[in-house]
Amino acid sequence: MFLGFGIEAWITIVTVVGMFMVLLTTKWRSDVVFLGAIGILYVTGVLDAKEAFAGFSGTSVITVGVLFVVVAGLTHTGVLYWIVKHLLGIPNSYGKAVTRLMLPVAFLSSFLSNTTVVALFVKVVKMWAKKLGVAPSKLLIPLSYASGMGGVCTLIGTPPNLIISGLYEENTGRAMNILTTTIPGLFCLFIGVLSIIAMRRLLPDRKAPESAFESTGEYTVELQVPSDNPHIGQTLSEAGLINISGGSLIKMYHFDNIPSPIMEDEPIMGGDHMVYAGKIADIAEMAVKHQLVSADHHVFRYDEEEFNSEVRTAYVNFHSRLIGTAIGKTTIEKENNVYLAAVSRRGERINEAPRDVVLEAGDTLLFFCPKHFNTDQFSLKNDLCFFDSEDIPNFGTGTLISMAIMIAMVVVSALGIMPLLQCAFLAAAAMLLFRCCNMEQAMKAVNWEILMVFAGSAVLGTAIQKTGLAECLANSILDICGTNPLVVMTAICFVGTFITEFISNTAAGAMFFPIMYEAAEKLGYDPFPFLIALMISVSCSFATPIGSPTHMLVYGPGGYRFSDFMRIGLVMNVIILAANILIVNIVYPLTPLQ
């Protein structure tokens, strides 16, 4: 024993702390890190084989996996686009705009993946903001917040709800209803919408990153002179390559990679690199006319189809492996048949060759891509987010069928006619049977990384409970906070809210479940209301962009800085925490154990 903990408890502490340090300081895949943590707990004997891998067969994990198929049916039949088309409108005030945005997003996030909803809304909100004359940064943070607050309104809206309810059922034998968190969640959402409107001055007024790509001179394109180019031996003036329609030559490199002066009598050689700034269409037209090619292609002849492409925008994720790397030093362009045309950072174009720019989180990248480019096949799709897909599904009978299937699943589960997992299986089968999505789309929709993290989180919770860590931590909290149940509930929820700003909310829910459960039982109260409060707390992280995947999705498009989330998010954390504790204790009064 050391400091009251046995060797197995210390192994668990070191494993959990080490795992989160790796996640915060490296770019390793989260599913690999969680799997490594499970391996350590199993090899060291902290957990036996059944305990170590029980998470992969847990009903909550399977439910999440099956729900991915249901979401695929809703997405491919255009349900989300139909809602966007008919509900946003053109409000005449900021308050009405926030309300029209947050309520539909919260509703959808109650039943669908938060990241799916936000990813589909980002482009729409940017276009909508332009129509309203509002900076996208004023609406994208509310978009992300709404998805988080809406997710807590049902058990299937966010992974922590499912994992906490699953652990509760394992410990008590009693299953929670799918709408258990609906009233507390709606109250917190109502308070959240009012708070956003009241605190709109705390929302930043940032220039949209795309605005750096919209005006003359805002694209930067690097081209190369192939060895059979007819202008080799001529000067820049003779070839007409200095000042072009809609742009100009800003840099030139010969074979020695040393910048050459932009002078009219500068000779043109095979292999020269030329960097142009200007309108993308004019630069492309000039490249075709003068037989120039993309700078990353080591070719020795001109191809007329070089610029037969479309422009796509992507954003660098927070944990992207591209951070600190220049695209020119990777093989991304060749592997995916794309070409980097421009880089923008916080709404300002970077005035250097795009392929030499060292990337940062949130950078906006503009790519030339083949016609009908499929971003799902992009080799680093988890490192870059593409939001400008034109693949808009057609509305029709499939839209109505998929909506009916989703509603039926929720109603049947809420009425207790059938367990949630069985309802989810039937809904997924119906989506495939009625061709709301095909088998390939259904399998692509399953996010195996999320499932691995989900299963790994459940295993961590088991280790924390088995080794006595939960009991020790619960006793420590009771020593500090006393025996007042409201104080204990608030303290644990506060710590949970803080922790989830830096780690997965799923992991936070699994880690704090045994602590909250033990604390409630030691106080002599039914753990049920304590766990409802915990569900809302670990899903309401507002103060950092790394606190939620949806925050990362809006960080780049909104042109945000890290501090933008802290300025309004810290206040939101306190407000929602207070609303959470208040409403939970009204709807689910504390009940002494019999």
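Biologist: What is the handedness of the crossing where H6 passes H10?
Modeller: The crossing of H6 past H10 is right-handed; a crossing is right-handed if the near helix is turned clockwise from the far one by less than a right angle, and left-handed if anticlockwise. This is a predicted model, in which local features need pLDDT of at least 70 and side-chain atom pairs pLDDT 80 or more, while totals for chains, interfaces and linings use all residues. Residues are numbered from 1 along each chain as its sequence is written, and side-chain values use heavy atoms, without hydrogens and water.

Biologist: At what angle do H6 and H10 pack?
Modeller: Helix H6 (residues 94–109) and helix H10 (residues 182–198) pack at about 150 degrees, their axes 10 Å apart. H6 is therefore roughly antiparallel to H10, a term for angles over 145 degrees. Axes are lines fitted to C-alpha atoms over the stretch in contact, with angles from 0 to 180 degrees between N-to-C directions. Helices are DSSP runs (H or I, at least four residues) numbered from the N terminus.

Biologist: Which residues of H10 meet H6?
Modeller: Leu 189, Val 193, Ile 196 and Ile 197 of H10 do, and their partners in H6 include Val 98, Met 102 and Leu 103. Contact means heavy atoms within 4.5 Å. Ala, Val, Leu, Ile, Met, Phe, Trp, Tyr, Cys and Pro count as nonpolar, Asp, Glu, Lys and Arg as charged, and the others, Gly among them, as polar.

Biologist: Next topic: how many cavities of 30 Å³ or more are there?
Modeller: There are two. A cavity is a set of points on a 1 Å grid over the protein atoms alone where a 1.4 Å probe fits but cannot get out, and lining residues have an atom within 4 Å of a point. The second largest cavity has a volume of about 50 Å³, volume being the space filled by probe spheres set on the points, which are joined across faces, edges and corners.

Biologist: Which elements give two or more residues to the lining of that second largest cavity?
Modeller: They are H21 and H23. H23 gives the most, with four residues. The lining includes Ile 536, Ser 537, Leu 577 and Asn 580, and its residues divide into five nonpolar, four polar and no charged.

Biologist: How do the axes of H21 and H23 cross?
Modeller: The axes of helix H21 (residues 528–539) and helix H23 (residues 562–587) come within 10 Å and cross at roughly 155 degrees. H21 is therefore roughly antiparallel to H23.

Terms used. Angles under 35 degrees count as roughly parallel, over 145 as roughly antiparallel, 65 to 115 as roughly perpendicular and the rest as oblique. On a 1 Å grid over the protein atoms alone, a cavity is a set of points where a 1.4 Å probe fits but cannot get out, and a pocket is an open set with protein on both sides within 12 Å along at least five of seven lines; lining residues have an atom within 4 Å of a point.
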